[in-house]
Amino acid sequence: MKRHTIALGGAGLMLGVSLLAIPAQELTAELPEPPEFSAQSEPIFVSVSDILEYKALPEYHEPDWVTSKYVEAGTLPPVAERLPKEPMVYKTANMPDGIGVYGDTMRHVIGGRPEGWNYIGGQSQGWGGIDIGMSECLTRTGPLFTVKADELEPLPNLAKSWEWSEDGHVLTMKLIEGAKWSDGDPFDADDVMFYWNDNIMDTNVSPLNGGTPETFGVGTTLEALDPYTIKWTFKEVRPTQYLYAMAYGTFCPGPSHILKPQHPKYNADNTYEEYKNAFPPEYMNIPVMGAWVPVEYRPDDIIVLRRNAYYWKVDEAGNQLPYLNEMHYRLSTWADRDVQAVAGSGDFSNLEQAESFIEALKRSAEESAPARLQFGARTIGYTIRMNFSANGWGEPDERAQAVRELNRNLDFRKAITIGLDRQRLGDSLVRGPFTAIYPGGLYAGTTYYDKASTVYYQYNVDAANGLLDGIGLVDTDGNGVRNFPAGTAGGGDVEITLLANTDYGTDTNLAEGVIQQMEPLGIRVIANFQQGTARDDMAQAGQFDWSVERQGSEVVSVVQGTSALAPTGPRTHPFHRAGTDGTLDLLPFEQELVDTVNAFIATSDNAERVELMKKYQRTFTENVYSVGLTQYPGALIINKRFANIPAGAPIFMFNWAEDNIIRERVFVPADAQGDFELHPETLPGAPGSAGPM
Ligand code: GLA
């Protein structure tokens with residue numbers, strides 16, 4: 001016991017002194033330029049009005065079998081009656097291959113599994129774009145990678161137009177009029193208000209993609225003026241920024257006529273958990289506004305979706321979209337998605353796990369390759385997120401609480417960051433010009449990134465050990481692992497759990513790398529590897545010390561997901577949420593980040609925004625808010641038979657490629673169509689369809 005005390009005081013004190021002698025700037029270095037790697041194709045930049053408009057057309061068309069089997073049989077109204085007064089019309093000139101033809105299937109493969117269909121109630125459908133194909137949102141951002149930078153504004157979608165009041169506090173939106181859910185029920189402001197009042201404002205509900213009241217600004221209100229007009233009132237003046245939050249995934253209303261009767265506010269028998277789980281994966285034909293409706297589900301096998309007969313978008317010839325009749329989601333693994341897309345037994349993949357790059361590139365380069373593979377910019381990146389809540393989020397035990405205190409200590413975070421050899425971490429995934437050192441914060445190469453504002457703490461194990469000694473973490477029992485100071489967590493070993501997602505090889509490979517690289521620092525990191533849904537639930541609930549994660553679109557586009565750049569609300573941030581008393585225990589630099597992000601949201605002056613993001617980047621990286629690991633490009637793999645795939649479509653920017661490529665406009669030329677439809681000539685819910693009504 002005596003030895004213990006002396007060792008702790010002595011070593012801590014001694015090294016603490018020597019540490020003070022290391023000037024801060026010596027820990028930093030010039031960030032090496034990322035290896036040259038150019039995107040393989042560039043988008044054609046256009047105006048939003050070049051892409052689409054809303055108008056009535058003289059005539060409408062649908063697949064012949066829909067007319068003959070359903071309309072003529074009297075089980076479905078004629079297409080003109082199913083469409084809104086003024087449908088959304090995609091302009092031919094903006095379609096890479098022009099007006100399409102009906103038929104065929106896009107065969108997706110995913111690693112996720114569906115929890116159920118209550119998307120706004122917080123259930124995942126298994127990712128990979130199922131929810132993107134089923135949900136439609138007030139605005140749309142995926143395709144913005146092709147919109148001219150100086151005209152950047154979300155595309156209209158369920159909100160067909162909007163107008164700002166003169167004082168800039170009120171935004172009045174016109175909803176598409178006469179559009180219907182896939183079961184024929186009218187879509188209107190009731191759906192929007194149910195989403196807002198009972199899913200966003202009701203904090204017992206956590207919508208899947210994290211929409212919270214603060215996502216739309218503190219004090220913002222929303223009301224319906226009539227069935228097709230909604231009115232937003234903001235505290236800020238003309239916060240155009242929120243138009244991005246009205247896109248996927250934070251403002252995509254669900255079918256209120258189906259969901260409302262299950263919500264505890266309207267159903268005294270139901271708990272919030274029962275509401276969330278009221279539509280299990282076996283439940284078919286959940287009404288959607290998207291182009292495809294689930295009609296078949298086989299656990300660990302497949303989800304099949306069929307065309308929505310009420311879809312409200314058309315081409316300029318009046319053909320009701322989508323062109324593709326069916327969507328498959330094979331329930332496999334994410335790595336299998338790459339393999340199958342390259343081999344041609346699947347149709348689509350976001351090649352995002354760097355370990356597969358070389359194989360996929362080799363095969364795709366062959367003339368006989370069934371799929372095109374195109375690399376984009378470096379928009380995939382990973383960090384270690386440390387849990388910053390010291391006031392109870394996730395209910396930490398004594399050890400975990402001690403880790404939270406460390407996480408909040410800048411010297412500790414600096415030690416961890418300089419203890420990591422990022423070059424080696426990147427190379428361990430794939431060799432070549434792909435990966436780049438990622439210090440954290442905004443991604444290099446994106447619009448708001450500024451290298452001069454990026455503080456890079458370079459790899460230096462000795463200095464890392466010095467910093468850890470300096471904060472009193474000493475290996476008092478000689479087992480190679482530093483101990484907490486006596487009196488903290490019983491003076492036990494510094495053990496930190498690292499949450500990672502086993503659905504992705506990259507996540508666990510990087511996590512393994514981190515675990516190894518922490519050893520020479522005397523920090524024992526213990527893998528807490530969980531399957532996707534369980535991982536997401538633990539992360540949401542704050543049950544983690546550290547987590548290795550792929551980053552969201554906020555660090556790519558900045559304008560999408562902006563409120564998640566800092567803890568702007570009690571539940572907006574991935575690694576710092578309110579504790580048991582409902583408050584956020586923000587550190588001073590976090591408050592600065594929050595203020596900077598709020599100022600960014602409140603201004604649309606671009607010069608000011610650029611400066612604010614420089615400040616954000618500096619504060620973030622100087623304080624090592626999260627520990628950046630590696631950053632690399634992704635590639636879109638898509639079977640060569642598909643037409644209307646826009647040039648330069650990134651796998652991830654404002655949204656994932658499943659949104660970016662505008663799947664409802666994608667088609668397969670007649671002579672290239674495959675025989676993949678599992679439920680040909682059926683409609684969801686109609687007699688003769690695969691699913692129950
Ligand atoms: C998962 C996949 C991504 C993308 C998204 C779409 O996260 O890893 O590539 O398909 O789903 O939501």
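A polar contact is taken here as a pair of N or O atoms within 3.5 Å; within protein, one atom must be able to donate a hydrogen and the other to accept it, and residues adjacent in sequence count only if both atoms are side-chain atoms. With that rule, 16 residue pairs (both at pLDDT 80 or more) are in polar contact across the interface of domain 1 and domain 2. The structure is a predicted model, in which local features need pLDDT of at least 70 and side-chain atom pairs count only at pLDDT 80 or more, whereas totals for chains, interfaces and linings use all residues. Residues are numbered from 1 along each chain as its sequence is written, and side-chain values use heavy atoms, with hydrogens and water left out.

The domain assignment of the protein chain, with bounds from an automatic or database source, places 48-375 and 636-672 in domain 1 and 379-632 in domain 2. Over C-alpha atoms, the centres of domain 1 and domain 2 are 32 Å apart. Their contact (heavy atoms within 4.5 Å) draws 36 residues from domain 1 and 35 residues from domain 2.

The size of an interface is often given as the accessible area lost when the parts come together. Here the buried area, meaning the accessible area (1.4 Å probe) that two parts lose on being put together, summed over both, is about 2,800 Å² between domain 1 and domain 2, with 54% of it on carbon and sulfur atoms. On the side of domain 1, the residues that lose the most area to domain 2 are Q241, E355 and F652, together 22% of what that side buries.

Charged pairing between the domains can be described briefly. A salt bridge requires a side-chain nitrogen of Lys or Arg within 4 Å of a carboxyl oxygen of Asp or Glu, and 1 salt bridge is counted between domain 1 and domain 2. The side chains of E352 and R550 form a salt bridge with an N to O distance of 3.1 Å. Helices (H or I, at least four residues) and strands (E, at least two) are DSSP runs, numbered from the N terminus. On the side of domain 1 that touches domain 2, the elements giving two or more residues are α7 (242-245) and α11 (357-365), and α11 provides the largest share, 3 residues.

Over the whole structure, the search returns 38 salt bridges. One further pair is R641 with D104, whose closest N and O atoms lie 2.9 Å apart. This pair links distant parts of the chain, 537 residues apart: R641 is in the loop between β22 (635-639) and α20 (657-660), and D104 is in the loop between β2 (88-90) and β3 (105-110).

A covalent link is also present. The structure holds 1 disulfide, a term for a pair of cysteine sulfur atoms within 2.5 Å. The sulfur atoms of C137 and C252 are 2.2 Å apart, and the torsion about their S-S bond is about 80°, so the disulfide is right-handed. C137 lies in the loop between α5 (130-134) and β4 (139-140) and C252 in the loop between α7 and α8 (256-259), so the pair ties together parts that are 115 residues apart in sequence.

Some backbone details complete the description. Y248 and G249 are joined by a cis peptide bond with omega about -5°, and G249 is in the loop between α7 and α8. Another cis peptide bond joins L321 and P322, with omega about 0°; P322 is in the loop between β12 (313-315) and β13 (326-331).
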